[in-house]
Amino acid sequence: MNWPRALLTDSGGFQMVSLLHLADITEEGVTFQSPVDGKPMLLTPEDSIQIQNKIGADIIMALDDVVKTTTTGPRVEEAMYRTLRWIDRCIAAHSRPHEQNLFGIVQGGLDPQLRDICLEGLVARNLPGYAIGGLAGGEGKDAFWRVVAQCTAGLPEDKPRYVMGIGFPLDIVVCTALGADMYDCVYPTRTARFGSALVSEGVLRLTHAAMATDYRPLDSSCTCMVCKRYTRAYLHTLVTKEAMGSQLVSYHNISHMMQLSRNLHSSILEGRFPEFVQSFLQKQFPKGDVPDWVCNAMDVAGIDISMCRIPQSA
């Protein structure tokens with residue numbers, strides 16, 4: 001790959017959700033029907049770890065039993081306990097523990113008791129880091145942040161806490177306030193393919209007709225190559241007609257997320273994280289209409305955002 005920086009690989013567990021119609025989940029592992037030729041393919045915890053060992057990523061993920069957060073009933077409990085059983089198989093199969101960091105994944109759906117059982121079981125195994133899985137699957141935002149808060153509170157403070165599948169800038173800021181450290185998501189590039197650029201104020205829809213005569217950069221505060229060289233009007237023409245448009249907007253969106261991450265990191269190190277959150281919310285919600293779920297999360301995080309909100313009339 002010629003990628004000289006840190007690398008993280010996933011286990012294949014997410015495909016239990018995304019390819020559910022092609023998968024059969026048992027205690028042994030997951031049997032997928034190949035979308036290419038229809039042949040069955042078995043992925044076990046051991047297979048997942050061996051593949052990741054060969055790739056050589058710095059962080060590798062345990063194979064977990066993933067269900068959508070909107071799932072209810074005994075399937076959620078079954079998946080959580082299977083995740084705990086599989087982590088032991090992953091640990092046993094891990095042939096490079098001194099070179100690669102194996103993370104366990106907290107499951108349990110939206111059930112606080114199941115989440116506690118899972119995270120306590122994973123913490124007892126003293127892993128290099130921990131992920132919070134099974135979110136961003138259609139659950140409400142109020143349920144989402146409460147699961148994150150519960151898990152970060154129960155996981156060790158001196159080890160990485162990784163919320164999987166989270167990519168909206170607002171979600172990342174909220175989760176960081178709740179104690180999370182790492183995220184991943186296709187959102188910056190996926191939304192770029194639909195002509196949406198991430199900017200300080202939120203999202204810029206380049207497909208809108210008004211963009212055709214807007215000769216400003218995507219974001220005047222951004223120093224990426226796209227913002228330096230191209231106007232909104234030019235990108236509007238590209239995203240509605242050429243594949244190059246989505247590539248350029250993807251470049252910008254990734255740059256935007258990298259800068260957001262740097263700003264979050266530096267604000268924490270410099271002891272001004274609450275002020276960063278306040279400034280971020282003021283830009284995102286200039287009318288003061290900060291969502292209630294964000295306000296509730298910030299209350300738990302101990303960050304005063306009253307200056308970012310317009311009091312509601314009685």
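A residue is called buried when its relative accessible area is under 20%, exposed when that area is over 50%, and partly exposed in between (1.4 Å probe, protein chains only). The model examined here is predicted, so local features need pLDDT of at least 70 and side-chain atom pairs count only at pLDDT 80 or more, whereas totals for chains, interfaces and linings use all residues. Residues are numbered from 1 along each chain as its sequence is written, and side-chain values use heavy atoms, with hydrogens and water left out.

With a salt bridge taken as a side-chain nitrogen of Lys or Arg within 4 Å of a carboxyl oxygen of Asp or Glu, the model holds 15 salt bridges. One of them joins Glu27 to Arg82, at 3.0 Å from N to O. This pair brings together distant parts of the chain, 55 residues apart: Glu27 sits in the loop between strand 2 (23-25) and strand 3 (30-33), and Arg82 belongs to helix 3 (residues 74-93). Helices (H or I, at least four residues) and strands (E, at least two) are DSSP runs, numbered from the N terminus. Glu27 is partly exposed at 33% relative accessible area, while Arg82 is buried at 8%. Both residues take part in a network of salt bridges that also links Asp65, Arg75, Glu78 and Arg85.

Two further pairs are worth a look. Arg96 and Glu99 form a salt bridge whose closest N and O atoms lie 3.2 Å apart; Arg96 is partly exposed at 25%, and Glu99 is exposed at 53%. In the other pair, Arg216 meets Asp214 at 2.8 Å, N to O. Here Arg216 is partly exposed, with 48% relative accessible area, and Asp214 is buried at 11%.
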